[in-house]
Amino acid sequence: MRVLLIGANGYIGRFVADRLLADPAVQLTALGRGDDADVRFDLATGSPGALTRFLDAVHPGVVVNCAGATRGGARELTRHNTVAVATVCEALRRSGCGARLVQVGCSAEYGPSQPGSSTAEDAVPRPGGPYGVSKLAATELVLGSGLDAVVLRVFSPAGPGTPAGSPLGRLAEAMRRAMQSGDGELRLGGLGAQRDFIDVRDVARAVHAASLSAAQGVINIGSGRAVRLRDAAATLARVAGYGGALHELDGPPGALRPTIGHPRTESVGHRVDSLGHHRTDSLGHHRPEPLGIRGDRADAEHAAPVAYPYPDGCGSWQQADVRTARDRLGWRPRIALEESLADIWMEAACRI
């Protein structure tokens, strides 16, 4: 089976590439913007005609799209998440290769859900921010394309390679700094959100299964269990061997509370990547770090506010109904969150 993988250098794409390469029946070609791609092509600016000519030459049986922007303004998100997918769909329609399309979507397409509920694929999407809107538009393009296509709506990926700017990545970094400085007290903000964490290696298994299946439509990929970020913090402290006290600075969603220490700020420019966690700002403004660590009292006078760690438009709760993945893909999550957190910590600890 010849597979064309788009976005092989992204967070999810790297693990999808590893999974596909481990299958001796797969012949993999990577298409992307980087120099290490087999074929360099920018979906956001390239023409469908150029991509069609490449598809006709390579003649893949499956096209997997893991690429997209996880941060940036509305224009960047639309260009890299929606226009890019429109290019893929149009090129596949024009091509004679007849390839199946596996599109990696995101749970941000659903938007807020009722606490305690499990979101199934037939839920009406109500994305709460520009990232979710851009990904939902991409899904609608795929579903309306007439292609042999499936969209995997991935919930909150975790595990090795977790971006340092994601909530779990920031949590590990805050703990690393506290341990490095010998600080016996760690103050963290925004731990009330509950998300469905799924290990990135399990996501790669799901993509592989979807490539081999005949399933179409939307399929959720998650663990089926929501976890409060404060519980993830406690587990991370245990696997890291951090014996200090964890103090929570939570408030209601959208509230700003003072933090202790100097959270860094970063410019929210676009980053083309597969689906990490979603920190977007439709105006391209600077966004403060969501996780602050304890420092001197004098520092607190000049500290930035704590922002909620999940500005993804999904509110305080997300949990996937994963029965469709089980029934149609034969897929179940295998890796527990504790193992994912241990791998995140191992990478953070290497920076000490």
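Biologist: In this predicted model, does H59 count as buried, partly exposed or exposed, and what is its relative accessibility?

Modeller: Buried means under 20% relative accessible area and exposed means over 50%, with partly exposed in between. H59, which lies in the loop between helix 2 (48-58) and strand 4 (62-65), therefore falls in the middle class, because its relative accessibility is 44%.

Biologist: What is the phi of H59, given that this residue is not a glycine?

Modeller: Most residues other than glycine have a negative phi. H59 is not a glycine, and yet its phi is positive, at about 55°.

Biologist: Which strands stand at the edges of the open sheet?

Modeller: Seven strands form this sheet with parallel pairing, and their order is 3-2-1-4-6-7-12. A strand at an edge has a single partner, so one side of that strand is left without a neighbour in the sheet, and this holds for strand 3 (39-40) and strand 12.

Biologist: Which residue is the bridge partner of V151 in strand 12?

Modeller: Strand 7 (149-154) and strand 12 run parallel and are joined by five bridges. In strand 12, the partner of V151 is V218.

Biologist: What covers the buried residues of helix 4?

Modeller: The buried residues of this helix are Y131, G132, S134, K135, L136, A138, T139 and V142. What covers them includes helix 3 (74-94), strand 5 (69-71), strand 6 (100-106), strand 7 and strand 12 (217-221).

Biologist: Which residues form the aromatic pair, and what is the angle between the planes?

Modeller: A search of the whole structure finds one aromatic pair. Its members are Y110 and F155, whose ring centres are 6.2 Å apart, and the pair is tilted, with an angle between the planes of 35°. This pair links distant parts of the chain, since Y110 is in the loop between strand 6 and helix 4 while F155 is in the loop between strand 7 and strand 8 (156-158), and the separation is 45 residues.

Biologist: Which residue lies over the face of Y110?

Modeller: Y110 is buried, as is F155. At 4.6 Å from the ring centre of Y110, the residue over its face is R153.

Biologist: Is R100 buried or exposed, and which residue has its backbone oxygen 2.5 Å from a polar atom of the R100 side chain?

Modeller: R100 lies in strand 6, and its relative accessible area is 4%, so this arginine is buried. Leaving aside neighbours within four places in sequence, its contacts include V62, D148, S211 and Q216. The backbone oxygen that lies 2.5 Å from a polar atom of the R100 side chain belongs to A215.

Biologist: With which side chain does the side chain of H208 make a polar contact?

Modeller: H208 lies in helix 6 (residues 200-212) and is buried, because its relative accessible area is 11%. Beyond its neighbours within four places in sequence, H208 is in contact with R19, L20 and D23. The polar contact, at 3.3 Å, is with the side chain of R19.

Key:
Residues are numbered from 1 along each chain as its sequence is written. This is a predicted model: local features need pLDDT of at least 70, side-chain atom pairs count only at pLDDT 80 or more; totals for chains, interfaces and linings use all residues. Side-chain values use heavy atoms; hydrogens and water are left out. Buried means under 20% relative accessible area, exposed over 50%, partly exposed in between (1.4 Å probe, protein chains only). Helices (H or I, at least four residues) and strands (E, at least two) are DSSP runs, numbered from the N terminus. Contact means heavy atoms within 4.5 Å. Rings of Phe, Tyr and Trp (its six-membered ring) pair if their centres lie within 6.5 Å; planes under 30 degrees apart count as stacked, over 60 as edge-to-face and the rest as tilted. A charge sits over a ring if NZ of Lys or CZ of Arg is within 6 Å of the ring centre and within 35 degrees of the ring normal. A polar contact is a pair of N or O atoms within 3.5 Å; within protein, one must be able to donate a hydrogen and the other to accept it, and residues adjacent in sequence count only if both atoms are side-chain atoms. Two strands pair if DSSP finds at least two bridges between them.
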